[in-house]
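Me: Please take one part of this structure and look at it closely. Keep it brisk, and give the cut-offs.

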Amino acid sequence: MKTLIKLRSASFLAFAERFILLITPAKMGIAAIGMLVLWAAFQSAWDNLVLWLLGALLGFCLHRARFCLAAAFRDAVLFRDISLSKAMIIIFFVSTIGFAFIQFRAYSLGLPIPGNIHPIGFHTVIGAFIFGVGMVLAGGCVCSMLARLGEGYVLALFILLGIMAGSLAGAYNVGWWEATIGSIKPVFFPDYLGWAGGITLQFLALGLLYLLCARIERKRL
Amino acid sequence: MAASHFLDLVGEICPVPLIIIQKKVADIEAGDSLLIETDYPRAVRNIMDWCRNNAHLYSVEEKGKGIWRIILIKSEAKPF
């Protein structure tokens, strides 16, 4: 009797295993995309579908490139490896052009200017320091942590909990922050230098940083 | 006779793997090989870049799901 049960459970496990082995990441991905397309068709929420696809593509690039904002700063200091720092400067170049278009369009239509235009001050320095320490201790920034979580790296789950706790605390106290810091007028370059001047200054600063990186790289070799 | 060494870095997060490897490689003789196992994907890229910059020979293979095995042979060149 005992052996019979044993045999049965073993064959059941083998049976289940055959089905589990049929599930591959590619098949799961195709199933997820299929379900989303169906959902979008039912809700006629095609905008969301496009956004989701863009997000998925960005995530794929992030994962494949092993892009890591923490490494862009940390490796430059620790290992004098600045390939990622250079990549980040290029990202700023591209996004400056894109955002200049978006913001100038809103400005010329008389709409409020989109983007994170916030006041700077000593709080920026303190916040950046705390964020930097957390980022290096966690082994990556928020986006590479999400990519790692998607990969199945369990530690990232705990980091995600930390990010959620911090974001919740920030959102809960956002009124106090706005009352304290929000009264300072933000520095928005186009207000002072005009649009062309602001963009030129940004390009000059980025170009100088890039040249500095290239110099460090040449020195090492 | 070239010796072979092993480093188990599974569970270490960036930047710890490369720091440990740098120390280990400084200790071993030129021509020695070092076998490294890590599960941190960004560290794999860091190690590859570092090897290329310091002219160490290396090869990378994914041993299992999420574990990479890197074999490194220390070069004669002086580290920077």
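Reply: Residues are numbered from 1 along each chain as its sequence is written, and chains are lettered from A and ligands numbered from 1 in the order in which they are written.

Start with the helix pair. Helix α7 (residues 142-151) of chain A and α8(A) have axes that come within 9 Å. They cross at roughly 140 degrees. Axes here are lines fitted to C-alpha atoms, for helices over the stretch in contact, with angles from 0 to 180 degrees between N-to-C directions. Helices (H or I, at least four residues) and strands (E, at least two) are DSSP runs, numbered from the N terminus. α7(A) and α8(A) therefore count as oblique; under 35 degrees is roughly parallel, over 145 roughly antiparallel, 65 to 115 roughly perpendicular, and the rest oblique. The crossing is left-handed, meaning that the near helix is turned anticlockwise from the far one by less than a right angle (clockwise would be right-handed).

Now the residues. From α7(A) come Val142(A), Met145(A), Arg148(A) and Leu149(A). They meet Ala156(A), Leu157(A), Ile159(A), Leu160(A) and Ile163(A) of α8(A). Contact requires C-beta atoms, placed from the backbone, within 7 Å. By class, this contact has 8 nonpolar residues, no polar and 1 charged. Ala, Val, Leu, Ile, Met, Phe, Trp, Tyr, Cys and Pro count as nonpolar, Asp, Glu, Lys and Arg as charged, and the others, Gly among them, as polar.

Next, confidence. pLDDT is the predictor's confidence in each residue, from 0 to 100. Chain A averages 82, and 95% of its residues score at least 70. Within chain A, helix α8 (residues 155-172) has the highest mean, 90, and helix α1 (residues 2-22) the lowest, 67. Where pLDDT is low, the predicted coordinates should not be read in detail.

Then the chain contact. Chain A supplies 14 residues and chain B 12 residues. Helix α4 (residues 69-78) of chain A gives the most to the chain A side, with 4 residues. That side has 4 nonpolar, 4 polar and 6 charged residues.

Last, a loop residue in each chain. Arg80(A) lies between α4 and α5 (83-108) of chain A, with a positive phi near 55 degrees. Ala55(B) lies between α2 (41-53) and β3 (57-64) of chain B, with a positive phi near 60 degrees.

Note on methods
This is a predicted model: local features need pLDDT of at least 70, side-chain atom pairs count only at pLDDT 80 or more; totals for chains, interfaces and linings use all residues. Two residues are in contact if their C-beta atoms, placed from the backbone, lie within 7 Å.
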